[in-house]
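Look at the sequence and the model below.

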Amino acid sequence: MEWSQLKPLVDEQLETHGLCFLGLAKPNQPEALAHYKKWLSEGRHAEMSYLETGVLPREDPSLVHPGSEFVLLVGFRYGAREKLFGEKPRVAQYARLKDYHRFMRKKLDAFVDWFSTTAELKGQQISCRPTVDSAPVLERAMAASAGAGFVGKNTCYIHHSYGSFLLLAEVFVSGLNLKKIENLNPSGGESDSAVKGCGSCRRCQVHCPTGALDEDYRIDARKCLAYWSIEHRGPVPVEFWKHFATFAFGCDICQNVCPKNRGVDERYGLPATSEYIKVGSTFELDKVLAMDQKGYVEMFGGTPLTRAKFVGLKRNAIIASVALASSPSVASAEAAVQRLQEKWKEAYGEQWAREDDSKETIAKTLKAIPEYLSQHRVDRLKIQ
Ligand code: B12
Ligand code: SF4
Ligand code: SF4
């Protein structure tokens with residue numbers, strides 16, 4: 001089968017499902033794997049231990065899908081560069097959608113049906129495995145090596161046309177016999193990024209509020225707000241609290257400031273996300289503080305926000321409330337915190353949490369409020 005004949009059909013088929021085709025890649029990415037291992041060895045993954053257990057399939061993609069020679073890289077455009085006007089704190093754009101794992105998976109399943117049938121008509125028996133974050137694979141490295149984009153200094157995959165507000169998914173394929181593939185997919189890869197992509201730009205590194213992008217093309221998750229507000233279980237260190245006034249779930253700053261995301265909507269139209277949007281752009285603090293388990297399911301069920309769980313969202317809401325309240329003056333901040341604590345007591349008494357670690361997270365978060373305030377009081381005195 002000639003790839004030049006098949007590719008436009010793949011493009012067209014994915015487009016009918018609202019997806020974009022990012023190209024073909026080889027499942028093995030030795031250069032990226034070396035970066036990945038080094039990154040882990042430096043502890044940059046914070047407490048995400050699942051990244052440690054995921055080394056083996058990243059090393060040997062046949063564990064993901066035996067015999068796969070190719071991977072089709074697929075993207076879902078979900079947003080564009082967004083100015084930080086409007087109500088705060090924000091919810092990261094990807095999280096306002098219904099859970100992408102589910103809807104992208106459905107789309108990919110339909111695509112795989114078509115792809116397998118098309119191959120069969122050409123006399124090829126192929127086997128496919130679609131993955132949407134469901135297998136530990138080097139998604140960004142594969143996407144970059146598919147040639148239509150690169151990994152930027154903010155560590156996101158950036159498509160040359162569509163920018164970085166893209167969710168990634170893959171179809172691992174075995175048994176497909178493609179001719180003339182090499183010429184059509186020159187491997188971009190992250191080593192080309194500096195030349196092909198970011199050039200001398202450093203905007204993401206300069207604007208990252210916590211200094212998490214401290215080295216080119218490398219993130220320190222221990223400093224990343226997306227880590228603290230989504231992935232981390234337990235209390236959040238006080239030094240990160242003030243940033244929750246801007247984003248209380250996830251963080252889009254290093255993508256919003258990226259010039260590669262400028263004008264994407266104007267050039268390529270708005271992404272077709274309206275039917276998938278479930279959550280507003282603002283993290284509604286009062287509602288989250290007051291919600292019970294039923295309210296949690298109603299408001300956030302089936303969205304990426306459930307990754308932080310009930311307790312994580314409560315924790316984030318407390319921190320964001322304190323961070324927002326403390327901006328105008330220490331006195332009003334203290335009053336706001338008192339209100340917050342009273343509200344909390346009123347709603348839950350001592351018995352609100354079913355799990356001990358949830359109780360502990362909230363108790364420790366509430367306990368840390370004075371520490372946060374005292375630090376901010378010091379800042380203020382210094383300024384005066
Ligand atoms: C763990 C994880 C996180 C962690 C760590 C993030 C990170 N940068 O690694 C945290 C919780 C912080 C996070 C945050 C976010 N995430 Co996340 N996350 C993942 C996950 C599950 C694994 C990523 C991973 O393995 N990281 C470890 C690093 C070392 O590996 P890597 O990303 O493959 O590294 C590449 C480069 O950094 C490069 N590299 C590494 N070191 C070096 C050194 C040099 C010198 C060079 C040249 C290159 C280089 O090599 C790799 C290949 O190119 C992926 C899904 C997946 N399976 O890949 C989603 C994924 C990366 N996340 C995604 C999203 C949307 C986000 C957020 C935007 C969410 C939000 N709005 O809050 C933020 C973005 C923050 C950011 N700047 O990265 C998308 C990114 C899509 C895209 N366009 O890139 C992914 C791909 C999920 C998906 N299926 O779409 N995430
Ligand atoms: S997501 Fe936010 S905190 Fe994390 S690297 Fe980007 S700008 Fe920094
Ligand atoms: S902001 Fe600049 S340096 Fe950062 S990813 Fe975008 S182009 Fe690269």
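Two residues are in contact if their C-beta atoms, placed from the backbone, lie within 7 Å. This is a predicted model, in which local features need pLDDT of at least 70 and side-chain atom pairs count only at pLDDT 80 or more, while totals for chains, interfaces and linings use all residues. Residues are numbered from 1 along each chain as its sequence is written, and chains are lettered from A and ligands numbered from 1 in the order in which they are written.

Helices (H or I, at least four residues) and strands (E, at least two) are DSSP runs, numbered from the N terminus. Strands of a sheet pair through backbone hydrogen bonds, either parallel or antiparallel. Here two strands pair if DSSP finds at least two bridges between them.

Four strands form an open sheet in the order β1-β2-β7-β4, and the pairing is antiparallel. β1 (20-25) and β4 (127-131) are the edge strands, each pairing on one side only. β1 is joined to β2 (residues 68-77) by five bridges; G23 has L73 in β2 as its bridge partner.

Helix α1 (residues 3-16) lies across β1 and β2 and runs at about 140 degrees to β1. Axes are lines fitted to C-alpha atoms, for helices over the stretch in contact, and angles run from 0 to 180 degrees between N-to-C directions. Helix α5 (residues 100-121) packs on the sheet and touches β2, β4 and β7 (166-174).

Which residues come nearest to ligand 3? Of the 13 around ligand 3, they are G152, C198, C201, C204 and C258, where near means a C-beta atom, placed from the backbone, within 6 Å. α7 (193-198) and α8 (203-207) each supply at least two residues of this shell.
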